[in-house]
Amino acid sequence: MKLTIFGASGGIGRHLVDQALAADHDVTAVVRDPARLPGTAARVVTADLAAADRTALRAALDGADAVLSGLGPRSRADAGVASRGTRTITEAMTGSGVRRLVVVSAAPVGVVPSPGRPNPPRYDPGDGPLMRFVLGPAIRRVLRRHYVDLALMEEELREGALDWTVVRPPRLTDGPLTAAYRTAYGRNIRGGLRVSRADVAHLMLALLDRPDSVRQTVGVAD
């Protein structure tokens, strides 16, 4: 499969590139700074999604079967990068005729309001009492701008026409690839507090071959 990976130099993005190459996919890695992705066998395209060069994006998407995005804020200063960057990606995909997209979001986003979804559920159906009443509210307060950004990203996907899938992990770790994670459509994982970036990347690649995941959110956790 010919894959284009955005955010390829990030924590999940690097695993996406490595695992896709190991599975013999034809990989194009889109990065803002190629120096952050040294020694890769992927074709590297330089593009800043905040001021994207349409020519560069067309080159990155040329002939692609699917797109994966590991975009996400690394610090408070990066808030907004997921929604803005994903909007640029989806516009470029539409212009290039590429339809399949898998992106990473976050477990708490299902209960975060957005303009088109001002009254989301109070609780995610997969969350237990500890997450509903203690951890969830505290995490959302601390990382409010990050989750608002991701909620806007998800809203733009819902309103668009692409064949998207959103993966919602809880706390990310640098643990090894296990492929032993749990998943569920439309809800978080009961008691699932963490998952490795390597396992998230593994799931994102696996979802490309699951037509039932199109236009779905997927919870994942250890």
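Colleague: How many bridges join strand E1 to E4?
Modeller: In this predicted model, strand E1 covers residues 2-6 and runs parallel to E4. Within this pairing, Ile5 stands opposite Leu68 of E4. The number of bridges joining E1 to E4 is four.

Colleague: Which residue is the bridge partner of Leu68 in E5?
Modeller: Strand E5, made of residues 100-104, pairs with E4 in the parallel sense, and three bridges hold that pairing. Leu68 of E4, which has Ile5 opposite it, has its bridge partner in E5 at Val102.

Colleague: Are the residues on the two faces of strand E4 buried or exposed?
Modeller: In a regular strand the side chains alternate between the two faces of the sheet. For E4, residues 66-69, Ala66 and Leu68 lie on one side, with Val67 and Ser69 on the other. Both faces are covered, and these four residues are all buried.

Colleague: How many nonpolar residues has the contact of H1 with H6?
Modeller: The crossing of these helices is right-handed. Among the residues making the contact are Ile12 and Leu16 of H1 and Val200 and Leu205 of H6. Besides four polar residues and one charged residue, the class count for this contact gives a nonpolar number of eight.

Methods: Residues numbered from 1 in each chain as written. Predicted model: local features only at pLDDT ≥ 70, side-chain atom pairs only at ≥ 80, totals over all residues. Heavy atoms only, no water. Buried < 20%, exposed > 50% of the residue type's maximum accessible area, 1.4 Å probe, protein only. Pairing = 2+ DSSP bridges. Left-handed = near helix turned anticlockwise from the far one by under 90°. Contact = heavy atoms within 4.5 Å. Nonpolar A, V, L, I, M, F, W, Y, C, P; charged D, E, K, R; others polar.
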